[in-house]
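Dear colleague,

Please find below the structure that I am handing over to you. My notes on what was found in it follow directly after it.

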Amino acid sequence: MTTIDKINADILHTLSRDGRISNLQLAEQVGLSPSACLRRVQELERSGVIKGYRARLDPAQTGRAYVVYVAVGLSEHTKAAQMGFEAAMQGADQVTECHNVAGAFEYMLRVEVANLPAYKAFHTDILGTVPHVRAITSYMVMGSPKDTRA
């Protein structure tokens, strides 16, 4: 297991904001030589602390600007019902996140589509056809004053 000391924490913080920063710039920001910085980044990658790098896309330009969080309750609390639901969500391109949660419902989804009619189609044609779905509660995002996802 890799130790997350102050320097590693600084490296992770910087990379989470800019995954394309050069090693030289990163080393300068965290106060290391370029070779020492590269060794630390490689160890963070090798140990799985850094899982990968992604591009942040503009939702408006990719046709996914309409974001809805969806709380889903299942009618059965069995492993088979959960596995069936999770498999269905894996196949739904509109679902960008699927979380099994504790509380009044079993799942919280993040759904990204172009507009309200596209969400209605997802709600009716995909989510509404999954076996064991008992309840669906939709929360349309009005704005996102803070979003630190990569």
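In helix α2, the residues Asn23, Leu24, Leu26, Ala27 and Val30 meet Pro34, Cys37, Leu38 and Val41 of α3, where a contact means heavy atoms within 4.5 Å. Helices (H or I, at least four residues) and strands (E, at least two) are DSSP runs, numbered from the N terminus. Please note that this is a predicted model, in which local features need pLDDT of at least 70 and side-chain atom pairs count only at pLDDT 80 or more, while totals for chains, interfaces and linings use all residues. Residues are numbered from 1 along each chain as its sequence is written, and side-chain values use heavy atoms, with hydrogens and water left out.

The axes of α2 and α3 (residues 34-46) come within 9 Å and cross at roughly 100 degrees. Axes here are lines fitted to C-alpha atoms, for helices over the stretch in contact, and angles run from 0 to 180 degrees between N-to-C directions. The two helices α2 and α3 are therefore roughly perpendicular to each other; angles under 35 degrees count as roughly parallel, over 145 as roughly antiparallel, 65 to 115 as roughly perpendicular and the rest as oblique.

Helix α2 (residues 23-30) also packs with α1 (residues 6-17): their axes come within 10 Å and cross at roughly 135 degrees. That makes α1 oblique to α2. On the α1 side the contact is made by Asp10, Ile11, Thr14, Leu15 and Arg17, and on the α2 side by Leu26, Gln29 and Val30.

I turn next to the sheet. Four strands form an open sheet in the order β2-β3-β1-β4, with antiparallel pairing; two strands pair if DSSP finds at least two bridges between them. The edge strands, each pairing on one side only, are β2 (95-100) and β4 (133-140). On average, neighbouring strands of this sheet are turned by 20 degrees against each other, direction ignored.

Strand β1 (residues 66-74) is joined to β3 (residues 107-113) by seven bridges. Within this pair, Val113 in β3 is the bridge partner of Tyr66, and Val72 stands opposite Tyr107. Seven bridges also join β1 to β4, where Ala71 stands opposite Thr137. Seven of the nine residues of β1 are buried, that is, under 20% relative accessible area, with exposed meaning over 50% and partly exposed in between (1.4 Å probe, protein chains only).

Which residues touch the most other members of the largest nonpolar core? Of its 17 residues, they are Val70, Val72, Phe85, Leu109, Val111 and Leu127. Such a core is a set of buried Ala, Val, Leu, Ile, Met, Phe, Trp, Tyr and Cys residues joined through side-chain atoms within 4.5 Å. At least two residues of this core come from each of β1, α4, β3 and α5. Leaving aside neighbours within four places in sequence, Leu109 is in contact with residues including Val68, Val70, Val72, Phe85, Met89 and Leu127. A second, separate core has 12 residues, among them Leu15, Ile21, Cys37 and Val41.

His132 is found between α5 and β4 and has a positive phi of about 75 degrees although it is not a glycine. Most residues other than glycine have a negative phi. His132 is partly exposed, with a relative accessible area of 29%.

With kind regards
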